Amino acid sequence: MTAALDVGGTSLRYNIIGTDGSLVASESMSTHEKGLVKAVESIVKKYGIKKIGISYAGQVYNGKIISAPNIGVDEPEIWEYFLKNHNIELFIENDLKCAALAEYEYWGCNSTIVAASIGTGFGSAIIENGKLVRGAHNLAGEIGHIPFKYSEVLCGCGNRYCIEAFCSGSALSRWSKYYNLPIKEYTIQNLQRLGSPEADRILENFHEAFLFSIGTIISLINPEMIILGGGVIKKNRYLLELVNENVYKYSLSTSRKQAEIIISELDNASIKGAQLLVDRSV
Ligand SMILES: [Zn+2]
């Protein structure tokens, strides 16, 4: 049997796949107390796993965990640990890169696509001719940290000019706190409902940074398809209309005409991508 895991900040979800390809189990567990290695070991023991694919919400390079925002990492060289201690093949990849692999397969693409996701942060992953565009250290695709304009509020990376400082779930919350807005949950809907000048400014900046980012992707990468995902996109589907109506002002028209922009139809693209890591290793 094999396991496909989607590892996030405080919990992980996993699918167990039988040798005939059937779904044996689909569960989730906390990684908060025991850490990632112990959590994975408990799954291995329970199901007799032989191969594991992990979609990981952090930076990964050659099977090694480089950075782990919010995740308790007890063993950065996790693939080596599982090979040495359990004789198990483990494949680990950044979650957005996993999602892009799954989208590429789902949509039957054959040239270049970009999967862009707005949740807490704003990231993207690029696939060209079926292969991930990685950059020198597997960090290519960080669209959220492309400079946009000066921000009074810091980006999560510590810089002040990032797209993500204006266009992300964390940006909504940081700016709402900055202006001391009277809302409990920092969502687009609540800001729209509030309708104060500050709330409107947060939303205007969000929309502008969003259009700027998708326009940049189109002109820089020339993709056949841009697949939008992440919690903020999926809860605010008007963003698709906004981008389709306006992005021509932000991108090269020849490239724009050939780029289809859609919202992901997959429930959990990352975990499907983690399964692909395992399947392709055969
Ligand atoms: Zn940044």
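The model is predicted, so local features need pLDDT of at least 70 and side-chain atom pairs pLDDT 80 or more, while totals for chains, interfaces and linings use all residues. Residues are numbered from 1 along each chain as its sequence is written, and side-chain values use heavy atoms, with hydrogens and water left out.

**Exercise 1.** Work out which residues coordinate the zinc ion, and why the arrangement is tetrahedral.

*Solution.* 
- Step 1: Look for donors (N, O and S atoms within 2.8 Å of the metal, or 3.2 Å for Na, K and Ca).
- Step 2: You'll find His 145 (ND1), Cys 155 (SG), Cys 157 (SG) and Cys 162 (SG), at 2.0 to 2.3 Å.
- Step 3: Check the angles: the 4 donor atoms subtend 107 to 116°, which makes the arrangement tetrahedral (all angles between 85 and 135 degrees).
- Step 4: Along the chain, the donors of the zinc ion are spaced H-x9-C-x1-C-x4-C.

**Exercise 2.** Decide whether His 145 is buried, partly exposed or exposed.

*Solution.* 
- Step 1: Recall the cut-offs: buried is under 20% relative accessible area, exposed is over 50%, and partly exposed is in between (1.4 Å probe, protein chains only).
- Step 2: His 145 has 29% relative accessibility, so it counts as partly exposed.

Technical notes. Tetrahedral: all angles 85-135°; square planar, octahedral: opposite > 155°, others 65-115°.
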